[in-house]
Amino acid sequence: MNQQEFINVISPFKDKLFRMAKRLLVSTEEAEDATQEVLVKLWKNNEVLSRYSSVEAFAMTMTKNYCLDQLKSKRASNLQLVHSNYSDNAANVQKQMEDRDSWNWVEKIIETLPEQQRLIIQMRDVEEYEFAEIAEVLDMNETAVRVALSRARKEIREQLVKKHKYGIA
């Protein structure tokens with residue numbers, strides 16, 4: 001694969017790689033570095049990219065793994081994050097605590113879901129896999145994945161509403 005073919009394959013989703021890196025690393029500079037590292041690795045392996053059915057999924061997985069490695073490394077523990085794009089529109093302390101409490105409840109509710117629904121929630125809502133990819137990984141029908149996801153989300157919503165309305169007549 002020559003340089004132009006590589007650019008044509010990578011261009012449609014390189015911004016997606018950056019957004020994923022930004023979401024994981026928070027810092028714009030770190031996300032740019034991560035994206036660049038992944039693109040360099042893809043270029044070094046450009047001859048084998050044609051073997052993958054979805055180069056985008058492969059690149060997204062590489063980006064996620066690279067970012068997680070960065071977060072786990074010593075360098076990340078000593079890293080001082082600089083948020084050049086951060087504006088202090090923070091909610092008040094009570095709202096922040098309520099939001100954190102809600103997220104904790106969501107995590108607890110997800111843990112109580114059946115394993116299949118937990119995996120589907122993780123893959124779809126956290127890792128942003130497509131339905132076809134989830135169906136392939138879990139060896140399920142794509143429609144069954146959609147139904148299981150819908151049921152899982154409904155259960156999470158019902159349990160969360162139940163927690164928030166506790167004690168209200």
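**Exercise 1.** In this predicted model, find which residues of helix H8 are buried, and decide how they are arranged around the helix.

*Solution.* 
Step 1. Pick out the buried residues of H8: Phe-131, Ile-134 and Ala-135.
Step 2. Look down the axis of H8. The buried residues fall within an arc of 100 degrees, so they line one face of the helix.
Step 3. Recall the general rule. An α-helix has 3.6 residues a turn, so residues three or four places apart point the same way.
Step 4. Check the other side of H8. Glu-136 and Val-137 are exposed there.
Step 5. Find the partners. The buried residues of H8 pack against helix H7 (115–126) and H9.

**Exercise 2.** Work out how H8 and H9 are oriented to each other, and what kinds of residue make their contact.

*Solution.* 
Step 1. Take the two helices: H8 spans residues 131–138 and H9 spans residues 142–164. Their axes lie 8 Å apart, at an angle of about 100 degrees.
Step 2. Apply the cut-off. Angles of 65 to 115 degrees count as roughly perpendicular, so H8 and H9 are roughly perpendicular to each other.
Step 3. List the contact. H8 brings Phe-131, Ala-132, Ile-134 and Ala-135. H9 brings Glu-142, Val-145, Arg-146 and Leu-149.
Step 4. Sort the contact residues: six are nonpolar, none polar and two charged.

Key: Residues numbered from 1 in each chain as written. Predicted model: local features only at pLDDT ≥ 70, side-chain atom pairs only at ≥ 80, totals over all residues. Heavy atoms only, no water. Axes fitted to C-alpha atoms, helices over the stretch in contact; angles between N-to-C directions. Helix = DSSP H or I, 4+ residues; strand = E, 2+ residues; numbered from the N terminus. Parallel < 35°, antiparallel > 145°, perpendicular 65-115°, else oblique. Contact = heavy atoms within 4.5 Å. Nonpolar A, V, L, I, M, F, W, Y, C, P; charged D, E, K, R; others polar. Buried < 20%, exposed > 50% of the residue type's maximum accessible area, 1.4 Å probe, protein only. Arc of directions from axis to C-beta.
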